[in-house]
Amino acid sequence: MSAIAAILLVLATAMLAAGLAYRVALWLAAPVPLSIPTMPAPLTRGGAAMRVGREMLLFHSLFRADKPLWVASMAFHLGLALVLLRHLRYVVAVPPAWLVAIQPVGRLAGWMMMAGLLFLLARRFLVPRVRMVTRTGDVAVLVLLLAIGTSGLVTTYLLHTDILAVKAFLTSIWRAAPEGLPPDPTFLLHLLLAILLLAIVPFSKLLHAPGLVFSPTRNQPDGSRRYRRPARWARTLAGGGQ
Amino acid sequence: MSAFEPPPLADEVELAAPPALVPGAMAHSRPYVAAPAHNQALGFPAERVPDWERRAVEKLGELLERSRALRVFLDSCVKCGACADKCHFFIGTGDPNNMPVARQDLLRSLYRRHFTVAGRLLGRHVGARDMDEALLQEWYTYFHQCTQCRRCSVFCPFGIDTAEISMAAREIMDAIGLGQKYSNEIIGKVHKIGNNLGLPEPALANTLEGLEEDVLEQSGAAVKFPLDVHGADVLLVTPSADFFAEPHVDGLIGYAKVFHQAGISWTLSSHASEAANFALFIGSYEQMHKIAQRIRQAAVELGVKRIVFGECGHAWRVAYAFLNTLAGPWDFLDPAYPVPQHIVEVTHELIRRRGIVLDRDANAGKTVTFHDSCNVARASRMGDAPGGQFVLPREVIKAAVPSFVDMHRDTTHDRTFCCGGGGGLLTDDLLELRIKGARPRMQALKEVVEQQGVTHMAAICAICKTQFAKVLPAYGFPMEMVVSLHQLVGQAIRLG
Ligand code: SF4
Ligand code: SF4
């Protein structure tokens, strides 16, 4: 049992890493032959990096687009980030003081994340515009996240899992001798679904996270009158200035 | 399409709620297909190639290798719908395929089917589709209902730009022999003659002479409209509409008066007698590059020191953002000036250092508002600071007229609405679509007309001006309301 779970976890992590690396390699292999930042854009590389940062941390464009969606999306993503941070204590041997301190916040974040997800799911059915562009896959990802969240909250509040055993199991993977997986069904479900989530990231819309970093409309600085950027494939064109 | 009557506008912008969905509402709106000769002139297959389904997929594969943006955009959409109600064509028609995300999905479905694991395994559950006649017809219909205005990309949390997607789709359609008549015919004319109108050198010279006489008569000053003058300081590249149509030509007179009063020597070129570059609309880098070369050739040939662009939105996008890459480097020009410059930058600087003097009283009685052209607002800049494309035109207008009013903030600056005629859609076979697409702008205009007494709307784009002259009457406004920005400037310059 421990061995199977460990193998799945390692496999999923490998798929995540390899899949993402492959995807990013594909993106990087293609040039950006022209300057296409959405204007107004910062004039420097540093400024453009700040712009991407603002999008990543504050969802700036989404804020301008749709306030309720921004709130729900923030609740979910921020909640998820805090929950993941809280999960660190299952892998580090001696949790540092800050990690201990944020545990209550992390539990609250779990609820925040669930509330956000429920809103996102409801929207998919209640807003006609959104329902129109929703496919099975869009709902499936939300349901998967909700299931992971629910099973997680259940183990936290109702059917407590032996945290120390979980920790022992996870650290045992490092030694390539997995052991001691707690046999609680809820926890096992939680773990299995999380493994599934990791594995599908590179093949699903969850790619939006790295996508933002590589999006030329957001990460390009505005400097086209100063810099030329002929792509390699364009240099063969006849005429001046290549 | 004869007269299409749009339903009445609301009184205030805020009252215009997102429309109810009307599936298929614009399924009938398609531009004329290019004739074989139009396609061949650009090196595209004359007619639908036999194995077009396979060729379309292959072309998509090529484009994916040429453009990171396309790849990232096709991979990153989460179907959040933040963009859905931001498109003027969706607001004006209610057709769900005019939601930017749905428009993207028309191309994304083919991408998912052939280039992603999920699409190959799960098919339509993740929105994957095969290329077939039905999909191609949807492409032709709805990728010609996008003016590539980039408004959706402002609001998308990942900056996904539907303009890039519809350019790619049009490029694929050209590659299989399904071109759009309007754009391809015009690009052919530029390659052959040098401008969109197909106006040869003698006719152009004639027109400019006529303008010199007109201005002399009106102002008593011998304002020149030089053509092909070697050794002039400035090469002015302007949309060919400026040579003829109203209100464009009043803008051209305005530029001439600015140069005249400031004592700047300038010239037009009969070889590069067009600022517009419609190759942008069909997504073709090669065609865009070819058209841009004419400007380089003219600059070299005439030995000018600076290049200045007249009022045209997409032309300024190509000029500001692409020209350096397409036809640079410009090391043979005067390094004291950015290359290229916008005429508004020139005029703004001249006003600032009193190189020209404007008299607001010459425009007495006018209350003017300004339509930010989509390509200028979201794809270019003017001046030294980000956002100069919003500030400079407004400052120039304020220096030229007694009263200026801005429209609703959700419809200006980078949130401006497209006029509804950009992106290669400024053709009479799409008139119903154009009228419907203009609705959000007309809505905002109505508000300032009724509440603040606006009499004129200034524009800095040939397409906007033509489009507004056509659609203003449909919404009960006089067509003379739309004016060239440099028409106001020209009027405020007192000569003689
Ligand atoms: S806003 Fe961006 S991510 Fe959201 S649906 Fe539109 S294109 Fe997709
Ligand atoms: S680019 Fe403009 S016209 Fe095209 S989908 Fe986006 S908002 Fe609509």
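Which residue of chain A forms a salt bridge with B:R381, and how far apart are the closest N and O atoms? The legends below describe close-up views of a predicted model, and the opening view gives the answer.

**View 1. A salt bridge joins B:R381 to A:D222.** The partner of B:R381 is A:D222, and the closest N and O atoms of this salt bridge are 2.6 Å apart. Between chain B and chain A the count is five salt bridges, and the pair B:R381 and A:D222 links these two chains.

**View 2. Chain B and chain A bury about 5,700 Å² between them.** The size of an interface is often given as the accessible area lost when the parts come together. For chain B and chain A, carbon and sulfur atoms give 58% of the buried area. On the side of chain B, the residues that lose the most area to chain A are B:R68, B:Y285 and B:T325, which together make up 12% of what that side buries. In terms of contact, 82 residues of chain B and 61 residues of chain A take part.

**View 3. Domain 1 and domain 2 of chain B meet in an interface with one salt bridge.** The domain assignment divides chain B into domain 1 (45–178), domain 2 (196–352) and domain 3 (360–492). Taken over C-alpha atoms, the centres of domain 1 and domain 2 of chain B are separated by 35 Å, and the contact between these domains takes eight residues from domain 1 and eight residues from domain 2. The area buried between domain 1 and domain 2 of chain B is about 670 Å², with carbon and sulfur atoms giving 38% of that area. Three residues, B:R66, B:M167 and B:E171, supply 53% of the area that domain 1 of chain B buries against domain 2, more than any other three residues. The side chain of B:R66 also meets that of B:E286 in a salt bridge, at 3.1 Å from N to O.

**View 4. The largest cavity has a volume of about 340 Å³.** A search of the whole structure finds six cavities of 30 Å³ or more. The lining of the largest cavity consists of 21 residues, and those that lie nearest its centre are A:P33, B:S67, B:E164, B:E171 and B:G283. By class, this lining of the largest cavity has 14 nonpolar, three polar and four charged residues. Helix 9 of chain B gives the largest share of the lining, four residues, while the helices of chain B that each supply at least two residues include helix 2 (52–66) and helix 13 (285–302). Because domain 1 (45–178) and domain 2 (196–352) of chain B both give residues to the lining, the largest cavity lies between these two domains.

**View 5. The second largest pocket holds about 740 Å³ of space.** This pocket is lined by 29 residues, and B:A16, B:P18, B:D85, B:I91 and B:D410 lie nearest its centre. The lining of the second largest pocket divides into 14 nonpolar, three polar and 12 charged residues. Domain 1 (45–178) and domain 3 (360–492) of chain B each give at least three residues to the lining of the second largest pocket.

How values were computed
Residues numbered from 1 in each chain as written. Chains lettered and ligands numbered in written order. Predicted model: local features only at pLDDT ≥ 70, side-chain atom pairs only at ≥ 80, totals over all residues. Heavy atoms only, no water. 1 Å grid on protein atoms, 1.4 Å probe; cavity = no way out; pocket = protein on both sides within 12 Å on 5 of 7 lines; lining within 4 Å. Points joined across faces, edges and corners; volume = space filled by probe spheres on them. Nonpolar A, V, L, I, M, F, W, Y, C, P; charged D, E, K, R; others polar. Domains from an automatic or database assignment. Contact = heavy atoms within 4.5 Å. Buried area = accessible area lost by both parts, 1.4 Å probe. Salt bridge = Lys/Arg side-chain N within 4 Å of Asp/Glu carboxyl O.
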